[in-house]
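I opened a new page for this model. The entries below follow the order in which I looked things up.

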Amino acid sequence: PALSAVLFVIAGIFYAIGQMLPPDKKANFHTASINIIIGAIVVGSLSIASTSLAIASTHLLSNFTNASG
């Protein structure tokens, strides 16, 4: 989640810098900021999914070891 937040901040900086440039450079910075935001969303969703997967697998393993013991 921290990396995702940092990526959102970097995307905002790219977008703000792009607003001060000529149209062709502005488009490049805008595209880069959108790509960074998409990356931040992917990182955030993977982070949440990995945490829930880890919890589910821990419960599964503890149930399996309790049932077989």
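In which helix is Ser33 found? I found Ser33 in helix α2. Before going on I noted that this is a predicted model, where local features need pLDDT of at least 70, side-chain atom pairs count only at pLDDT 80 or more, and totals for chains, interfaces and linings use all residues. Residues are numbered from 1 along each chain as its sequence is written, and side-chain values use heavy atoms, with hydrogens and water left out.

Entry, Ser33. I looked up its burial: Ser33 is buried, at 2% relative accessible area (buried is under 20%, exposed over 50%, partly exposed in between, with a 1.4 Å probe and protein chains only). Leaving aside residues up to four places away in sequence, Ser33 touches Ala11, Phe14 and Tyr15 (contact means heavy atoms within 4.5 Å).

Entry, whole chain. I counted two helices and zero strands in the protein chain (DSSP runs, numbered from the N terminus: H or I of at least four residues for helices, E of at least two for strands). The radius of gyration is 20 Å, whereas a compact globule of 69 residues would have one near 11 Å (taken over C-alpha atoms; the globule rule is 2.2 Å times the number of residues to the power 0.38). Along the principal axes, the C-alpha atoms fill a box of roughly 70 × 15 × 5 Å. Of the 69 residues, 12% are buried. The chain exposes about 5,100 Å², and carbon and sulfur atoms supply 77% of that area (Shrake-Rupley method, 1.4 Å probe; for residues, only the protein chains shown count as cover).

Entry, aromatic rings. I searched the whole structure and got one aromatic pair (rings of Phe, Tyr and Trp, the last by its six-membered ring, with centres within 6.5 Å). The ring centres of Phe14 and Phe29 are 5.7 Å apart and the planes are at 40 degrees, so I logged the pair as tilted (under 30 degrees is stacked, over 60 edge-to-face, the rest tilted). Phe14 is in helix α1 (residues 2–19) and Phe29 in helix α2 (residues 23–68), 15 residues apart, so the pair links distant parts of the chain. Phe14 is partly exposed at 31%, and Phe29 is partly exposed at 23%.

Entry, Val6. I placed Val6 in helix α1, partly exposed at 44% relative accessible area.
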